[in-house]
Amino acid sequence: MHISYDIAVVGGGHAGCEAALASARMGMKTVLLSISLDTIAQMSCNPAIGGLAKGQLVREVDAIGGEMGKVIDATGIQFRLLNVSKGYAVRSPRAQADKKLYQFTAKKRLEEQDNLSLRQDIVEEIVIQDKGILSLIGKSGTRYSAKAVIITTGTFLNGLIHIGNSKTKGGRSSEPSADRLSDSLQNLGFEVNRLKTGTPPRLNGNKINYDVLQAQEGDEQPTAFSFSTKKIQRPQIKCYITYTNSSTHEIIRSNLERSPLYTGQIKAVGPRYCPSIEDKIVRFPDKNQHQVFLEPEGLNTSEVYCNGISTSVPYDVQEAMIRSIKGLERADITRYGYAIEYDYVPPTQIKPSLEAKNVENIFLAGQINGTSGYEEAAAQGIMAGINAVLKIQGRKPFILGRSEAYIGVLIDDLVTKGTREPYRMFTSRAEYRLILRHDNADRRLMKYGYQFGLINKNQWSKLLEKEKVVSETIEYLEHKKNGADSLAKLLRRPNMNFGDLLELDSDLRKKNISIPIQEQVEIEIKYKGYIDRQKQQIEKFKKMEGFLLPSQFCYDGIPGLRNEARQKLDRFRPVSLGQASRISGVSPADISILMVYLISYGKREARTIAI
């Protein structure tokens, strides 16, 4: 059988869902091909969306017109705004999900989407036909032709699951892997390497002694992810915290020779910032405990996810490890933790549009590009979906800059630096994080979603009205006096907030300004100096591409530059400061030091020439 589409999406994870929805909503006849339609949008790891920096990504996906924020708002069972005691730049929303409800809700929205078909099949080969048309050959024998293909295979490419000395082929527990597609990619000229990730045991919550554990409540006023969500409706639950101890560590330490991480059985590189419990104990031998965050998987199940003890030790060791932890002494393991190795395509082989450099009309998104996390995947997915449509339409690609979005930081990091370990987004990766806050993602990016038809006219009109009210309110506060000072000047005081102004000014109260707009006004007024300074930095850094570096420059003599930065700069020999800023291992602080030194160096050279 032969079926033709405009765009074919391979993989039904978070990247695939966003890519398929964006493509279909932009008017393309789209097919999403998944090994199992029962696990569309499955939360393979922890049952949560958002977190530090990841929450910004979800907000940005929503602002462009994606679905992840809407789905978690409809299915979340605990919402928390992280880092509320710190500055606005590093605050991020996070929510526990009802895991199955999240999956079923996302799947239903895909099923109801016009122009989108879902098909269960394993793609085994990609064939380039005449005139740039691509064909996907399914295990069923079906040929799916498309003008563009988006590959979002997650951990399924040659997936290999490890528990102790046991090795099983699979892309996820109890699901088959895609074993032939990697060969097809290599035949098309792609370099393919291996990465590793893992997951912890799940427990029956009925056997957990919560009375001895530290409870963690959600926020009384939940922060929604989607700008279209009016109120979080679902019942909210508690999470709990416990810790490993010296007994736990001794159990694991005495069984390291049975861990595939330490026997050489696992050869791929795992996530540096989310290591297994075995790695934590070996790498941090002086630490006598590690936090375990117990996350309920839903309102209609008793299963609990043990965040913080990802492992691939044998079954009996996992049992002993769990029983050694406070509150878990009688707990039953419902699913064992495991590690998984899988193929990925080093992302220096793709363009900023996420299109492959070597094969036209093939786009890659998600873990196949070396990333980890649902949020990073969703961000790439919607960008790949948009760009695949634009490519077919003969329009220029949609590329977000580092100064526009965390999505821009993510993709720029991947395509210019590459990654040899699973990439995770952090606020520290963004040079302009005061500008790229979670609260203003709509003001930064919704114009693009509207331009591409992913944001409707009603949403767009609401944003324009919001901008108008923000501007008018700021102007009012700048000119309205309270005593000798304007209301804006009072608001700049450290102990003042917008609510205090409402108490002082009856005319302001009469305006009935919404909380989100109050927040935007307060941030813009309180942090105006910092925001203006960062905008100036953005303009300076845009000029870095034209700031050429001497080809034979010696980096060893620059005081304050970290050793890693010296080594990387000497190895890559960047032609400009902009290129240097995107080399893995060269931090924004290193670039600042390098820029100051080069300006001084240039002045010295100029003086030498003058003499």
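**Note on a predicted 611-residue chain**

1. Burial first. Of the 611 residues in the chain, 57% are buried. Here buried means under 20% relative accessible area, exposed means over 50%, and partly exposed lies in between (1.4 Å probe, protein chains only).

2. Ground rules. This is a predicted model: local features need pLDDT of at least 70, side-chain atom pairs count only at pLDDT 80 or more, and totals for chains, interfaces and linings use all residues. Residues are numbered from 1 along each chain as its sequence is written, and side-chain values use heavy atoms, with hydrogens and water left out.

3. Confidence. The pLDDT (the predictor's confidence in each residue, from 0 to 100) averages 93 over the chain, and 97% of the residues score at least 70. Residues 604-611 have a pLDDT below 50. Beyond near neighbours in sequence, this stretch has one contact in the model. A contact means heavy atoms within 4.5 Å.

4. Overall build. The chain holds 21 helices and 24 strands. These are DSSP runs, numbered from the N terminus: helices are H or I with at least four residues, strands are E with at least two. The radius of gyration is 26 Å, close to the 25 Å that the globule rule gives for 611 residues, so the chain is as compact as a globular protein of that length. That radius is taken over C-alpha atoms, and the rule is 2.2 Å times the number of residues to the power 0.38. Along its principal axes, the C-alpha trace spans about 75 × 65 × 55 Å.

5. Take the contacts between residues at least 6 apart in sequence. Of these, 72% join residues at least 24 apart.

6. Ser23. This residue sits in helix H1 (residues 14-25). Is Ser23 buried or exposed? Ser23 has a relative accessible area of 0%, so it is buried. Leaving aside residues up to four places away in sequence, Ser23 touches Ile7, Met28, Thr30, Gly385 and Val389.

7. Helix H3 and Arg109. Helix H3 (residues 68-75) is mostly covered, with six of its eight residues buried. They are Met68, Gly69, Val71, Ile72, Asp73 and Thr75. Arg109 lies in helix H4 (residues 99-111). Its relative accessible area is 24%, so Arg109 is partly exposed. Which residues does Arg109 touch, not counting those up to four places away in sequence? They are Leu21, Glu67, Lys70, Val71 and Ala74. Arg109 and Cys17 are 92 residues apart along the chain, yet 9.6 Å separates their C-alpha atoms.

8. Two asparagines with positive phi. Most residues other than glycine have a negative phi. Asn83 has a phi near 65 degrees. Asn83 lies in the loop between strand E5 (76-82) and strand E6 (92-97). Asn158 has a phi near 55 degrees. Its loop runs between strand E11 (148-151) and strand E12 (160-163). Asn83 counts as partly exposed at 22% relative accessibility, and Asn158 counts as partly exposed at 23%.

9. An exposed loop residue. Asn300 is in the loop between strand E18 (291-296) and strand E19 (303-307). With a relative accessible area of 77%, Asn300 is exposed. How far apart are Asn300 and Lys100 in space, C-alpha to C-alpha? The distance is 9.1 Å, although they are 200 residues apart in sequence.
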